[in-house]
2 protein chains.
Amino acid sequence: MVQFVDVKNVSRWISTTGLDNIFDGLVSYVESDFKRWENFEKRPRVASHSHYGVIELMPTSDGSNYSFKYVNGHPINTKKGLQTVTAFGVIADVESGYPTFISEMTLLTALRTAATSVVAASPLLNPGVESMSMIGTGSQSEFQAIAFRSKFGIQNLKVWDTDPEAMEKFVLNLEPLGFDITVAKNANEAVAGAQLITTCTADKTNATILTEDMVAVGAHINALGGDCPGKTELDADLLRKSKIFVELTEQTRIEGEIQQLEADSEVTELWTVLRGSAEGRSSHDMITIFDSVGFAIEDFSVLRYLQNSVQGTDYFEELDLIAEPSDPKNLFSLISENAVW
Amino acid sequence: MVQFVDVKNVSRWISTTGLDNIFDGLVSYVESDFKRWENFEKRPRVASHSHYGVIELMPTSDGSNYSFKYVNGHPINTKKGLQTVTAFGVIADVESGYPTFISEMTLLTALRTAATSVVAASPLLNPGVESMSMIGTGSQSEFQAIAFRSKFGIQNLKVWDTDPEAMEKFVLNLEPLGFDITVAKNANEAVAGAQLITTCTADKTNATILTEDMVAVGAHINALGGDCPGKTELDADLLRKSKIFVELTEQTRIEGEIQQLEADSEVTELWTVLRGSAEGRSSHDMITIFDSVGFAIEDFSVLRYLQNSVQGTDYFEELDLIAEPSDPKNLFSLISENAVW
């Protein structure tokens, strides 16, 4: 039997545990998995592109556990009342090859992306930052805001989205939780003077959400929306004057903001900074960018975190997914009883 | 909601439909999908190797439906009472990116492999063959035997396996269904004079199950067991004197019997024969080999066949796998009710 956590149970788990508690634990999982980077099998995600969007598989393994995520990216979906991104994931036991755990991952992806943003910001953010500017207030935005508050105590948010209803939704969701939110009139106003900027827009185009002149010295940019070929948010000149941090270079060159740069442009892998073998922010005035595209190890971390969290609870069901004949060479026995030939 | 067919329901579906009926339908699905080869996205499977075995993802898409299979290969598993191969698979809608259908695929893999063997044998087998020799009587063997009888009327089987209990199991499963089975004393005896040989052994080594001198002129060899790097069954000299047919050349060079040959050795892709653009068997005396490794399109075929077969039946349940907030940009709403912060 395979343990299965459905949407309702992930929702219940999050609601009853509380996002602050979850981010506390999850940030540790992501950070400790990034620090043991060489333990993992790493490859760019396996993407199937269509003119509607993209469907991807993101596998990894640490030699004991294997995981993969199924995830789609269909920006056009919101117009049809569907999610841009939906996902589910699986853990398997490397020794037997048997799947052990399946979960919805639409919610989990929002959690792990926010946790990874916080892990990246820790060595990159200037000290004393008290507010975050956010461009894009879609599905992921509330999770980002709560994760940053949880780790850095940031209560003040300045937001901008081309969709007024999405901003209204954001305010309605987060003001009751004590955030102080300013709705800007445009992107320029939202980011003016900001030391921390999160960009998270969904258009599948080379958009220019931020240009060089909009960004203050010393800012850290948590850039989430450049995540597949032809989908970027930041102006190339802004990239050129900033220090750029990535998850897996090979994947980010395909999917991230840096697809706009030369193939040998300088980037720093986040795990090397976390391990202390590379420098993060090296001056107060430097602009840093976390060019986040989302990597399989983050999915591994959140799946393992959930798997460990739900043991002994009623947050999972069991699925009869794996054929188990009593004689392993007698698969046929599963159908030969009462069979019609 | 995603439709889910578990092991029990696939077993029920097979038992009540009957394997002959299933192979009738499934052979058509596989054949028609192979004939529209250029409609599909094709890539070698995505493998994660460990010293225990291999875990693989096998994705494909025809532009309307996307499918992938998760499958492991752990020959050591039978010693622990576990299956060598377990699998499950998913269909998704390319337009929305949403998964629509999940099924166990341990049984389905045995079905589609046998159906594909039959599809390949059709243009390669000499006419009038009335018996099949089988080396290896493990999990897949009964399905192969029934598929070949279903299509070619072959009732007589000559079998050999290094495990006497596996042979006994095979006889107990198939004699009641009217097969005439001879248990050989060794591989040589099993294949002597045979015009149709199925090899299906599971050792993860470069084994030599068949050598050149063992195989009669005019034979067709349905070779299933060479299916990952370092795992082959046929002697290289036998390969060199035979005409070899493959699924996707690029994948078979990595996984199949032909990994023993030069990288530019001549092979014919099966779909070209089915479409009539390449020749199959071109003389009575030629030895033909279907170097079957299993390809993603076959999984697509069997998943689509099952999906279509179970509509309107009670052979599936529904899983709450996809988060569906009423406002697609308000993923947060799924957890904000009754939440603890």
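A crossover counts as right-handed if, with the strands pointing away from the viewer, the path from the first strand over the helix to the second runs clockwise. Helices (H or I, at least four residues) and strands (E, at least two) are DSSP runs, numbered from the N terminus. By this convention, E8(A), helix H5 (residues 164–174) of chain A and E9(A) form a right-handed β-α-β unit. The model is predicted, and local features need pLDDT of at least 70, side-chain atom pairs count only at pLDDT 80 or more, while totals for chains, interfaces and linings use all residues. Residues are numbered from 1 along each chain as its sequence is written, and chains are lettered from A and ligands numbered from 1 in the order in which they are written.

Strand pairing in that unit was examined next. Two strands are taken to pair if DSSP finds at least two bridges between them. Strand E8 (residues 156–160) of chain A and strand E9 (residues 180–183) of chain A run parallel and are joined by four bridges. Within this pair, A:Lys158 stands opposite A:Thr182 in E9(A).

Chain A was divided into domains, whose bounds come from an automatic or database domain assignment. The assignment gives domain 1 (2–108 + 297–336) and domain 2 (126–294) of chain A. Taken over C-alpha atoms, the centres of domain 1 and domain 2 of chain A are separated by 26 Å. Their contact takes 19 residues from domain 1 of chain A and 18 residues from domain 2 of chain A, two residues being in contact if their C-beta atoms, placed from the backbone, lie within 7 Å. Helix H2 (residues 19–35) of chain A gives the most to the domain 1 side, with eight residues. By class, that side of domain 1 of chain A has nine nonpolar, three polar and seven charged residues. Here Ala, Val, Leu, Ile, Met, Phe, Trp, Tyr, Cys and Pro count as nonpolar, Asp, Glu, Lys and Arg as charged, and the others, Gly among them, as polar.

In chain B, eight strands form an open sheet with parallel pairing, in the order E9-E8-E7-E10-E12-E16-E14-E15. Strand E9 (180–183) and strand E15 (268–269) of chain B stand at the edges with a single partner strand each, so one side of each lacks a neighbour in the sheet. Strand E7 (residues 131–135) and strand E10 (residues 196–199) of chain B pair in the parallel sense over three bridges, and B:Met134 has B:Thr198 as its bridge partner in E10(B).

An open sheet of seven strands in chain B has mixed pairing and the order E2-E3-E4-E5-E6-E1-E17. Its edge strands, E2 (46–49) and E17 (317–319) of chain B, each pair on one side only. E2(B) pairs with strand E3 (residues 54–61) of chain B in the antiparallel sense over four bridges; B:Glu56 in E3(B) is the bridge partner of B:Ala47.

The interface between the chains brings 70 residues of chain B into contact with 70 residues of chain A. Helix H1 (residues 7–17) of chain B supplies the largest share of the chain B side, six residues. By class, this side has 34 nonpolar, 25 polar and 11 charged residues. Chain B can be laid on chain A with an RMSD of 0.0 Å by a turn of 180° and a shift of 0.0 Å along the axis, with copies superposed by least squares on the C-alpha atoms of residues with pLDDT of at least 70 in both. The two copies are therefore related as by a two-fold rotation axis. The same surface serves both copies, as 100% of the contact residues of chain B recur in chain A.
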